[in-house]
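Reader: Could you take me through this model and tell me what stands behind each label you use?
Author: Gladly, here it is.

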Amino acid sequence: MSIPRHVMIIPRHVMILASAGSGKTYALTNHFVKLLAHGARPERIVALTFTRKAAGEFFDEILNKLAGAARDAGRARTLASEIGQPQLGTADFLKMLRAVTEAMHRLRLGTLDSFFARIARAFPLELGLTGEFGILQEHAARLERQRVLRRMFTQTGETDGAQKEFIEAFKRATFGAEEKRLGKLLDGFLDQHQEIYLAAPDKEFWGNPARIWPGGNPWLGARSDPKLAVRALRSWFSGAEIGDKQRERWGAFLLALERWTPGATPPRELAYVLEKALAAWRELVAGRAGLEFDRKKQELDGPACAALADLVRQVVGGELARRLETTRGIFDVLRGYEAFYHDAVRRAGKLTFADVQRLLTPDGGGARPLTRDAEAVDRLYIDYRLDAEIDHWLLDEFQDTSFGQWSVLRNLIDEAVQDASGARSFFCVGDVKQAIYTTWREGDPRLFREIFNHYNAAMPGAIEEKQLVSSWRSGPALIEMVNAVFGQRVALAALFPGGAAENWNREWRDHVSAVPSRTGQAAWLQAADENARWALVLKLLQEIQPLAHGLTCAVLVQKNETAAELADFLRREGGLPAVAESDLHVGIDNPLGAALLALLQAAAHPGDTLAGEHLRMTPLGALLTGEKLDGPEALTGRVLGQIHAEGFERTIEAWLKKLEPRLAPGDAFSRKRARQFAAAAGMFDQTGSRDIAEFVQFMKLYKVRDTESATVIRVMTIHKAKGLGFDLVLLPDLEGRKLDQRREGLAVQKTPARSVEWVLDLPSEIFREHDPVLAAHVGAAEAEAGYEKLSLLYVAMTRAKRAMYVITEPVGASKSRNFPRVLADTLGANAGSVRVGALNLDGAWTSGDADWHTKLAAPAEPRQISQEIGLIKAEAAGRAPRRLARQPSAEKTGVMAAARVFALEGAVAADFGTAVHALLAEVEWVGQGGVEKFAEAWTMRGGAGEEALACLRAPELAAVWTRPDRAEVWRERAFEVVIDGAWVTGVFDRVVVERDQAGRAVRATVFDFKTDRVAGEADVAATVARHAGQLNLYRQVAAVLTGLDGAAVACELVLTRLRRLARVPRMSK
Amino acid sequence: MRIERTRTFAFVCLSVDSPPLTARRHFISWDRPLLPQAVAFLAGEWKGDGPLDLSTLLVVVPTQQSGRRLREALAEHAAARGQAAFPPRVFTPDRLITQGLGPDVAARLESLLAWTEILRALDLEAFRDVFPVDPPARDFNWALRLAREFTHLQAVLAEAGLRLADVNGKTGESFCEAARWQQLGELERRHAEKLAALGLRDAQAAKIAAAKNPSPLANVGKIILLATPDPLPLALDVIAVHARTLTLEVVIFAPPSEADAFDGWGRPLPPGWEHRALVLPEFEQRVHLCADPAAQAERIVAVAQGYGSPEGLLGVGVADHEVLPLLENALIRAGLAAYNPAGRARLDDGLYPLLASLAALAREPSFAAVEALARCPDFLAFLQARLGREFSAARWLEGLDELHARHLPADLSTARAQAVKLKKYPGLMPALAAIDELCATLANDEFSAGVSAALGMIFGNRQLDLVRAGDARLEDSATAWMEILRECAAAGARFPGPAKIAWWDLALQLFGESLRNEDKPAGALELQGVLELLFEDAPHLAVAGFNDGAVPDSVAGDPFLPESIREKLGLKTNAARFARDAYVLQALAACRAQGGRIDLLFGKTSAAGDPLRPSRLLLRCADAELPARIAFLFRAPEQAQANPSWTRAWRLTPRHVAAPGPVAVTALRRWLECPFRFYLRQVLGLAAVDPAKNELDARDFGALCHAALEAMGHEAALRDCTDAAVLRQFLLAELERHTRACYGEALSLPLIIQLESARQRLARAAEVQASERAAGWVIEQVEKKISVEIGGLLVKGKIDRIDRHAETGAVRVLDYKTSDSPASPRDTHLHAPRQGETPPVWAVFELDGRSRAWTDLQLPLYRHALAAEFPGAVACGYFNLPKAVGGTGLALWDEYTPELHAAAVRCAEGVCAAIRAGEFWPPNEQVRTDYDEFASLFHQGVAASVAWEEAKP
Ligand code: SF4
C-alpha cells in the first residue's frame, strides 16, 4: 500500500484544505497519532465528524494504523517520519496502541450531534430540561407531528383566544386562496418553515418592512382610488393613435388588473404591461414615456403616465404589502403550532438533534457558553460533568459545519487556541469544494476562511494552513478530467455569473495524481434519453465486469428514487447484483407488506371494504377462510385480541408463519421483507402503543437503508457517496434544468454573523426583479445554490480510483444551464466516438487506457474467517439438568368472577395478607392460655393482628394450633423437590407432622392460610376449587419430605376471615 | 471435589469496609462449572437418609436468577437420592437490605408525591445552584419527572449508604459543586420532613439505618456469600453486622492460587484485573464479529437449532439489551422457546392499552379516546355482554367509522348527538351511552374508586377460568394494577394535591414499568445477563452483545454523579466494573476449558447503525498479541448476503362479479379514466376508511356548499332576487344551518377554517347569482333527477340546476363545482390522448383537426337526458366556486356543437356497452400514486399486480 507523505512540522493549530482523495482521514488520524506521540492522553483528544459511520471508521483506522506500526518495523518508520518523530519505533507504537485501547471507553470520537447530546444530558437543569430526554429520529418525529396536529385539530369548545388568533393568522397566511385541506397545508408549511421559525422565533423578523428596507420602500404606502386611474388610462388608450393590437393589450391589462388579487401570480396580460412600465419607470414618473408593445412604440402623455404609474404603484405596493402580511401570518401559524408541539413533545423529553443543538447555542437569552475554566462565570464548566479534560480538538468535514454548530463549540476552541501553556490544540480539515450540504443542513463553507482569518488576525500565524492537492485515490486519467472541468476558470465564470465561480476559482488548485501508475480511463459518453443512458450503464458493466475483477463499483445518481429504479433495472435486465443504497419503504413497497397492513386495517375497521377485499385477493383470503375468519366479526375479534395480548411483532410473526408456505420457494426477497416488517413492528411495540391506525401510519413512514456490501454494484446518490471511493464509477444521472435554482420557500436574509435579518414570502419574479433589496437577496441565494451544485459535480467526479464514465444526453441546442452544459463548456462538445474495451460508443471526451480493465491482476483471495459456531458433543460434555418449574402457589385453577379482582376493597390488600401470614407463622403451638402470649403484641398491629388473634381464638381452628402427640410443626418452610420430573419449589404455611415412637412419620396435615374475603358456603366451595391444584401439589411435596403416602397427608385451607377450615380433597392424578 | 479451605485472613483490602476477621474464604476451582461444586459444598456431609435440610443457612447470591439456579440444583441433588430439600434462605444483596423495613417506610409512590409537593412549592431563587434557570413550566409533570430523577439519585447513593447531604463530606475541600450538593441536601431534608409529617420514613434512609442495625435473622446459623463478585456495599454492611454473631463464609469461584486477586468479600481487586491478560484459547474461533444485533441473534439461533433441543447444553448470555428482544423473537420464529428471567414490563400487558384509553377518556372524552377504547377486546366483550346477542363488534366499529367520516365528531357528546342520525347502525347509540356511563363513573368518585368502579363495570360479567392462559394473565395483570390502585387510594389521603389526571399518569407509569414474571416454558432457553452466567452450568455458553459499553457497562457523563465523584463516594466505578467483568469472563472461559465451549459475539453496529466496538476485555492479551487482535477484531464484518432483487410475492386475484344495475352519470368518468379501478369502485364497491380524517374532504366540502345553493334554488321568494346582500345572507344562513346539523355546535379547528372558506365562496356566489338574475336568468329547477338508458344500461344522475332566461326562454344546465381552481367544461371533458395511450375508438374523435378523447360525459349526458323536455338547444356549463374568489362565476361550454354531442353520446354508448359486457381491463398505468385511492393494491405496475385474466371464472 502506498502511503501519502505529508511531512508535518509541529504547529499547534492546523487547518487543512484537503481536495478529494488527498487523504483527509489519513491526515486526521496521523494528527491523532502525532498528538499521542507528543504525550497527549487519548481521552483528552476529541475528534468530531458528521456521520456515525465516519466516526466508526475513524476509530478503526487509528487502531489499525497503530497496530500496523506496532508489528512492522517498516510501517513504524514510515509513520514515525510522517508525524515528524523519526526516532519512534514499533515498541513506541505498541505503547500508544495499548494506551488507546485502554482508554477506549473514554475516547471522544463521534458525531457532533452525539457530542452535543452528551453535553445536554450532563446539564439538563442548566438548560431548562427536566431530566432524561430521548432523541427523536426522523420517522418518529413525523409521527409526533401528526399527533400534535391531530390534537390541535380535534380541540373544540369555546374557541379560545389562542385558537381565534390561529385562525386569523391562518387566513392571513393564505390570503385569497382559502385552503380546504388544512392538514396537508400545515404539514407542508412545517416542512418548509419550521426550522426558520426556530432560528428566528420573534415576529420582529418576519415580514417587517423596516428590517427589509431600512431606508424605506417607495412602493409601500401609496394609496389612491384606482378607479380614477383606470378611467384616465382607458380614456387615453381609447383615443390615442395606437394600433388595435396595442389597444387590445391595454384592455386586457385593465381586465386582468380588475380580477387580480395581490399574492396571486400576475396573469400574462397584466405582467406584460407591468414589465414595460417598470422598465420605463423613470420616464413614467417624469410624465413622458414611450412604451413599446409588440415592437410598436407608443407615446404616453402626462395624464396617461400618471395614471399608469399610479396603477403600477398600487399593484406593486399591494403585492408587497400582501406578502409582508402573509409572512407575518405564517409566523403566527407556526407559533401556534410550536406552542402545542413544545408542550406535547419537547417537554415530554423528546428532542430532535436540532433541538439539542439549539438548546446549547449561546444566544443572549439562551444557554451559557461551554468552558473548561472552572472559575469562569456564567459558563457551563464541562470537565467535571463530562468526566473529561479535552485539550485537543479535531474537526472533520469542516466545510459542512453549520454556524450554529460552530457557535456551540466556539468558546471551547477559543480557549484551546488562546491557551498560553501550549498544551491545547485545534485542528480542522475539510474541503470547501465539497460543500454539498449548504441548503440541507446549513453547512457553511465560508466558516473555514472566516475562522482562519479571525484567529490569525488576533495572533498572526496562530493557525497554519495546508493545502492537499495530490489525490491518493484517482489515477492520472481521472485527474486529467477533473482538472479539465474544474480548473476552467473562464468557462466557469461565464456559467456562474454570481459569486459562485469567483469563490470556486479562488480556492481551486490543480490536482495531481499521487498514484501515477494506476491505469484507468475517464470519459464523457452520450446517450439519447433516459432509457438509453440506463442501457449504456448496463452495457459498460457487462463489458468491464468489475465484480469479476474484484473491483468496487458504484453508480451515482441525484435522487434516491432514481437509485432504486436504476438498481432494479440492472438486476432485472442484466441479472447484476445491484443494490440501491437508498431508504426503502419496506413496509409498503411489496405485496406481502401491503397485505399485512390490509389485514390489520380490515380488522380494526371492518367497514373498510378496500382492505377487506384486498385480503381476499391475496393468499391470505384462502387462509382466512380455512380458519373460519372470513367474516368481519371473527377477523376483528381474532386480530384485535392478538394485538392487545401479544403486541404487533408477535401478531405479525404469527401471520407470517402461516403465510410462509404460500411464498414461492425461491422468493428470498419477500422473506427478507417479512423479517424487516416484523422487526419494524418490534420497534413500534416499544412505544407501548396498540393503536392500529398509528401502526399503519408508522409502517408507511418506516424506512430502511439497504445494507452495503462490496461484492455488489452500489447504486446511490452523490450525497451518499461523499467520502467514499470506488474503482469504477458511473455517472448516468446528471440531467437537470437550472444549476443555480434557489431553494423554494420563504426568503431568509442573514447577517454576516448568520443571525436572521428578515424573513419574507417573496413576491413573484417580476416584482422582486425591480426591488434592489429583494433582487440582491435572490442573486446571493442563486450564487450559493450554484456553488453547491458545482460542489456536487466535483464530489461526483472525484469518487473514482481507476475509471469513470460520465453519461449524459447530448447537449445540442439546449439552452439549459445544467451539468451537461458545464461539461460541454469545459471539455468541449465535440461529438465523436469513445472506445471502452470492445465497445465503440458515442462520446465527446476521453483520456487514459480504453483497455484498462483487461490488464488487471487477478484479485487476491480475501482471508476467510469461519462464521460457523461449532457445536460440542452432547454425550461427551453431558447435559446440565433442567426441569420444568412448578410453584404450588401459582397453580391456579377454578373460575372466579373478574369483578372480584377489580374491587378496590373486595380483595384483601397483599400486605394485609402478608402481615397475617407473618403473625401466624410466629405460632408454634397454642397450649392452655397460650393465646394471651400473642395477644398483647398483636393488638398493636392493627387489622392484621386482630385477624390473626381471632384465628388463634376460634374454636373451629383449634386443631391447627393444638399439638398432637409427638408432632412436629413446619412453619413458613421452603422446599425444593422433584416430582414427576418437574422441579417443585415453594413454601408451606404450616405443616403438622405426626410421628410414631420410632420417629417415623405417620400422618401429616398441610395447612394453608387464605386471607381473602370469602362469602358464604358457595364461595367456600369455589375457593377450595380454586386452590385444589396448589394444595394437592403440597400434598405430594409433603409426602416426599416425610416419606409418607399421599393418602396420609391431609390438606386444609385455613380461611382466616370465616375462621374455619375447608378440607381439600385428594385429586387423582 | 476440590474445595480448598484457606486460612482465616487478615485482609489487605483497599476498601475500609472489609469483612470481620472471623470470615473465612473458600475457593472453588474454576476448572469446572460452579453450580455442582457449590451444591456439593452446601450439602457437605449429607448422606441422603432424610431431607437435605439447609434451612439454617443464609446464602447470598448475585441475582435472583442465580438463586433460582442454585435452588433447582439443590432439588436435583436431593432427588438424585430420592429425597427433597429444605433449602437455605437464598438472598440477593438487594433483598438483604430491603428486608423487613417496617410499615412506616414510604412507598415509591409516596416518596415521589412528597417530592412533587416540595418541588412545586419551592422558591427556586434559593436553590439556584440546583436550578440555574427557571424551567419552562412548573407543572405536575415537571415536578414528577424531577422527582423520579431525585429518587433515583437517592437510590444510587444509598447503595453506598449515603444520602444527598453526605456527599459534600466525602468530596474534600475544593469540590466545584459543593454549593449544589448543599442545596440538594436541603431539598432532601425537606423531603424527609414532609414524609415525617405524614408519619413516614424515606425508604433509602430506612435502608441505611437498618444496615447499621439489621433485625436479627431468625433460625440462621451461618451466612455464605456465594460467588458474588459485585455485592452492594450496603449489603456488606448488613452482613458485617450479622457476622458478629453468625459464621460468615465467603465462597470465591477461582482457584486458591488467585487468592490475591480478590478482597475479603470475594470482590475482584481492580489492580489485579486491570492489566491482566485473560486466557481465552482459540480466540479467533471463539470470538465472532457480527454486523448488527440481528446478525448476532441469527448466529445464536443457528447454534441452538444445531443442538435440536438445546436446553441444558447451551447456555445463552446477552450483554447488550438491544440484542435481547431480537434474539427472543428469532428463537420463537425458529420454533424454540425462550425465557427472559428478568421479566417483562407490564407496558406489554394486554390490560395496559385498556387502562391507557380509559385514562385518555378521563382526561378528556374526545372522540379519539372513544375510538381507542372501542377497539380494546375487553371493552368489546363488555359491550357484547351488556347489549346482548344483537351486538356485533364489527358492526359497532363500522358504525363508529361511519360516524367519524360523516360527522367528524370531536367529542363523545357530539358523537352521541350525531349517532341518532345513523339509522343504519342502531348499535351505536347504546354503545356510546355505555361509554358515557363509564366516563361518568370515572369522573364521579376520587381516582382509585372511580377507576375500580369503571373496571368493575367493564369486567362485571366476566368469569376468569384460571386454567386458561389468557384469563390467568389477565388475573395477574389485574392484581398488579389493583395493588397500585390501592396504593394510590392510600396515598390520596395523604397527598390531596394532584389532579385526577395526574393520578392516572402516575399509576399508569408505575404499572407500565413494573415487571411481570412469566413462567418458564418447557425446554426454553434462558436469556441471562452476564452476572447470572456464573451460575450457568451448560457446557456450551454463547454470549451475545460482547461490546464495549455493555461488558463492562460504563457510565460517562452524569448530571449528578460523574465518575470522579463516584470514586470518592465509594460508589461502583468503571474500574470496579472492569475488574468484575474481567473476572467473570475469565471464570466462564476457564470452567469450560475442558469439554465445554464458550463463544463470544459482538456487533459492528447497533440496530440503528451506530458503530460499536468490541469489549475491552477482548483486548486483554499479551502485548505481543495485541496488534494481531486489533486486526482481527477491528476488521470489516464478513459480507452480508447480497440483497435479493425485488420479487412479487403474488398477484392479486379479484373476484369476478356481474356488472351492476344502474350506474351514475359521474361514474362513467371513472370508467374512462381506468376501467379496472371503475370495477373496483363501482362493481366491487371498494372504499377505504381513513381513520386519520380530521377535516372535511372535497366531497364533504362540496356537499355543504351544494346544500346551501340547493336551498336557494328551492326558495320561491328568492327567485327574482337581484340583491346580492339578501342572497348572501340566505346562503350563509343555510350553510350555517347545515354545518351545525351535520357537525354539531362545537366545531374543531379545521372545520372552522373550512367553513370560513365555504362562506367566502358562497358570498361571492351570491354576487354572481344576483347579476345572473339581473341578466335575466331564472332558476327553473334544482336537483333534478334524470335517468336514461344508454346502450342497454340505465344511467342515473341529478342535475344541480336548470335555468331559463326570462326573455329569450333559452335554457341552460349548470353544475356547481367547488374544486380548488375554476374548471372549464371543455378541459374537464376532453383531453388529447398522450403518446402511447390507446383509448377505445368510440371515445376518440376529431375536433378542429386534432384528435380528442373523452374524459368525462357529465354535461353531454345531462343534455341528452333533457332532450325530450327541452327540445331546443340547451346550453351547459359550470357554476364555479373555486378557492380564489376572483374565479367565481359561470363557465359555459361555448363551442358545444351537435357533432360534439353526437360524439359524446357515441362514447357513452361505448362505455355502457363495455360495462355491460364486463370489460374492465386493461388498467390505466398513468394514474399518479398520490391520486390513486387503490394505490395500496399495486406494486411496480397495475396490470402486473393483478391476475385479471387468470381470475376469471
Ligand atoms: S346530517 Fe348530513 S351526513 Fe349526517 S346523516 Fe344527515 S344528511 Fe347524512
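Author: Below, labels are set beside their definitions. This is a predicted model, in which local features need pLDDT of at least 70, side-chain atom pairs count only at pLDDT 80 or more, and totals for chains, interfaces and linings use all residues. Residues are numbered from 1 along each chain as its sequence is written, chains are lettered from A and ligands numbered from 1 in the order in which they are written, and side-chain values use heavy atoms, with hydrogens and water left out.

Reader: Why is B:Leu35 called buried?
Author: Buried means under 20% relative accessible area, exposed over 50%, and partly exposed in between (1.4 Å probe, protein chains only). B:Leu35 has 3% relative accessibility, so it counts as buried. This residue is found in helix α1 (residues 34-43) of chain B, where helices (H or I, at least four residues) and strands (E, at least two) are DSSP runs numbered from the N terminus. Its C-alpha is 6.8 Å from that of B:Leu70, 35 residues apart in sequence.

Reader: And what makes B:Ser309 partly exposed?
Author: Its relative accessibility is 43%, so B:Ser309 falls in the partly exposed class. B:Ser309 sits in the loop between α12 (293-307) and β10 of chain B.

Reader: What makes β22(A) and β23(A) a hairpin?
Author: Four bridges join β22 (residues 747-750) to β23 in chain A, and the two run antiparallel. A:Ala747, for one, has A:Leu760 as its bridge partner. Five residues lie between the strands, and A:Arg754 in the turn has a positive phi of about 70°. Strand β23 (residues 756-760) is mostly covered, with four of its five residues buried.

Reader: Where does helix α41 of chain A bend, and by how much?
Author: The bend at a residue is the angle between axes fitted to the seven residues ending there and the seven starting there. For α41 (residues 1016-1042), that angle is about 55° at A:Ala1028. The helix is mostly covered, as 19 of its 27 residues are buried, and A:Gly1043 follows with a positive phi near 75°.

Reader: Which residues are around the ligand?
Author: They are B:Arg406, B:His407, B:Lys421 and B:Cys742, given that near means one heavy atom within 4 Å. The shell divides into one nonpolar, one polar and two charged. Ala, Val, Leu, Ile, Met, Phe, Trp, Tyr, Cys and Pro count as nonpolar, Asp, Glu, Lys and Arg as charged, and the others, Gly among them, as polar.

Note on methods. Pairing = 2+ DSSP bridges.
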